[in-house]
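Hi,

Here is the structure I promised to pass on. Have a look at it first, and my notes follow below.

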Amino acid sequence: MKLVPLGDRIVLKQLEAEETTKSGIVLPGQNKEKPQQAEVIAVGPGGVIDGKEVKMEVKAGDKVIYSKYAGTEVKLDDDQEYIIVKQSDVLAVIE
Amino acid sequence: MKLVPLGDRIVLKQLEAEETTKSGIVLPGQNKEKPQQAEVIAVGPGGVIDGKEVKMEVKAGDKVIYSKYAGTEVKLDDDQEYIIVKQSDVLAVIE
Amino acid sequence: MKLVPLGDRIVLKQLEAEETTKSGIVLPGQNKEKPQQAEVIAVGPGGVIDGKEVKMEVKAGDKVIYSKYAGTEVKLDDDQEYIIVKQSDVLAVIE
Amino acid sequence: MKLVPLGDRIVLKQLEAEETTKSGIVLPGQNKEKPQQAEVIAVGPGGVIDGKEVKMEVKAGDKVIYSKYAGTEVKLDDDQEYIIVKQSDVLAVIE
Amino acid sequence: MKLVPLGDRIVLKQLEAEETTKSGIVLPGQNKEKPQQAEVIAVGPGGVIDGKEVKMEVKAGDKVIYSKYAGTEVKLDDDQEYIIVKQSDVLAVIE
Amino acid sequence: MKLVPLGDRIVLKQLEAEETTKSGIVLPGQNKEKPQQAEVIAVGPGGVIDGKEVKMEVKAGDKVIYSKYAGTEVKLDDDQEYIIVKQSDVLAVIE
Amino acid sequence: MKLVPLGDRIVLKQLEAEETTKSGIVLPGQNKEKPQQAEVIAVGPGGVIDGKEVKMEVKAGDKVIYSKYAGTEVKLDDDQEYIIVKQSDVLAVIE
């Protein structure tokens with residue numbers, strides 16, 4: 001079972017889940033993006049996305065920092081969890 | 001009775017309905033997209049959509065992960081339920 | 001008395017009115033689009049709409065699924081009710 | 001005293017004012033557009049509006065359905081009330 | 001002391017201040033634009049504004065209807081009050 | 001110590017700080033832009049900003065009216081306070 | 001361990017953390033951007049970002065003022081904290 005991302009999408013596997021819930025009332029718009037470290041599992045083909053040419057710049061195996069709120073968590077039948085993001089949600093590669 | 005999607009739309013049939021309602025007050029903007037597995041039933045012709053050329057990249061029979069909040073649920077007279085999404089709401093093909 | 005839609009607009013006549021009011025407080029942004037079946041009554045000429053070429057792909061007599069929230073309900077003097085939508089709000093043709 | 005609309009704007013005179021106030025609390029975003037019948041009083045020259053060529057397709061004397069929320073009510077010194085809308089807010093011509 | 005507007009901006013002097021405060025709670029998004037009559041005092045040079053060619057179509061001395069919420073009130077040292085709007089906020093010229 | 005603005009940004013020094021706090025509950029979206037008089041301290045190079053050519057039209061020493069909400073206040077180590085705005089937030093030059 | 005930013009992104013290291021929490025209820029939309037001084041640590045390659053050519057204009061070692069709300073805080077395993085912003089969030093270089 002394998003995820004093949006479409007367009008400029010990338011399948012990530014989170015390296016560490018460090019979410020600490022903040023107590024108190026959090027009003028919408030005040031949330032800060034939570035950065036996340038992840039390993040790139042699969043990379044879409046890129047191409048013309050929404051009328052604009054997108055060239056993929058990360059590759060499977062890269063460790064990356066991504067902006068969590070933009071992604072979609074996916075749980076496959078083998079109980080593995082992945083995150084699918086657009087390449088523009090990848091902020092930096094960790095070397 | 002058959003659904004023929006327009007433009008870059010795709011008719012999906014959900015593979016599993018795993019929605020678990022979260023208790024408590026959910027404020028707008030804090031909802032995360034719920035990923036969904038579905039089978040592609042029908043695919044629109046693509047073409048120039050909103051001034052941009054869209055090439056359809058999935059085909060009937062594909063199993064896909066899609067972003068649920070973007071879709072529209074449709075219940076036909078034969079009590080079958082479908083979801084109509086744009087191709088850009090399909091995140092990945094499952095192989 | 002006849003409605004002649006402008007641009008990429010389409011005049012629809014609803015096939016079934018199945019709106020069931022949900023009790024409780026519904027917060028804005030949590031509403032899902034309610035799909036609707038309708039018959040196409042009249043179709044605008046299409047052409048350059050908002051700077052983009054739009055070709056009309058449905059025709060009078062088609063039964064369609066449309067996304068309700070985008071439309072405008074119109075009640076003419078003869079007490080007939082219509083809905084005017086843009087073609088992009090038509091999701092699929094029912095065959 | 002005469003209103004000469006700029007760009008793609010149109011001066012309308014409402015044919016019937018059928019606004020019935022709904023009781024209860026109306027939350028923002030839940031309001032549906034209220035369609036309106038009006039007579040076209042004056043039509044702007046069209047041309048390049050916001051970088052896009054707009055050709056005017058209605059003319060003075062036309063009876064039209066327009067989308068009310070987009071318009072601006074104007075009361076001139078002679079106590080006549082008009083509504084100024086953009087042509088894209090005109091949904092259909094009534095024939 | 002003189003205001004020289006930049007780009008597609010226009011300096012207006014209000015002809016009548018007919019604001020009547022409505023009592024009660026006004027929820028955001030329910031406010032209607034309040035039309036305003038004003039005299040054009042100064043007109044910017046136009047040109048390429050936000051990547052689009054804008055040709056100025058009003059001139060000093062014109063009486064115009066403008067959409068108030070878009071403008072900015074300016075009080076100069078000589079206690080004169082002006083409103084600076086973009087030309088696209090001018091709805092019509094009064095003749 | 002000197003601020004060199006990037007792109008179409010401009011460094012301003014406020015001429016008068018006339019902010020008077022309004023009492024009562026202010027709901028978001030009801031705030032009007034507060035115009036401000038300032039002196040231009042430094043001007044960015046302009047050029048292609050967000051895909052559009054921007055030509056700088058103000059120069060150091062100009063007195064300008066700007067739209068406050070768009071700017072960012074900056075306090076340098078020498079306790080001088082500046083405001084950095086984009087040129088499109090400058091409404092008019094005062095002569 | 002090194003962060004290599006993608007596209008038009010820039011890795012910053014904050015020079016001073018002067019955040020003072022304001023008491024009272026802060027409604028969304030009323031927050032002002034908090035400017036920040038930072039040192040540029042790494043600069044992405046630029047290129048065509050979202051269909052628009054972006055040329056990088058800051059370099060590692062520059063001291064800059066940036067608009068905080070747009071950035072993403074990143075904490076690496078060596079406990080160093082960085083902020084990743086787009087170049088358009090850099091307001092000015094401090095010389």
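**What I found**

Going along the sequence, chain A reads β-β-β-β-β-β-β-β-β. That comes to nine strands and zero helices, where both are DSSP runs numbered from the N terminus (helices: H or I, at least four residues; strands: E, at least two).

Before the rest, some ground rules: this is a predicted model, so local features need pLDDT of at least 70 and side-chain atom pairs count only at pLDDT 80 or more, while totals for chains, interfaces and linings use all residues. Residues are numbered from 1 along each chain as its sequence is written, chains are lettered from A and ligands numbered from 1 in the order in which they are written, and side-chain values use heavy atoms, with hydrogens and water left out.

Chain A has 95 residues, and 43% of them are buried (under 20% relative accessible area; exposed is over 50%, partly exposed in between; 1.4 Å probe, protein chains only). Among its contacts (heavy atoms within 4.5 Å) with a separation of 6 or more, 70% join residues 24 or more positions apart.

D:D50 sits in the loop between strand 4 (47–49) and strand 5 (52–54) of chain D, and is exposed at 53% relative accessible area. Over in chain E, E:D50 has a positive phi near 55 degrees, again without being a glycine. The loop holding E:D50 runs between strand 4 (47–49) and strand 5 (52–54) of chain E, and E:D50 is exposed at 52% relative accessibility.

Cheers
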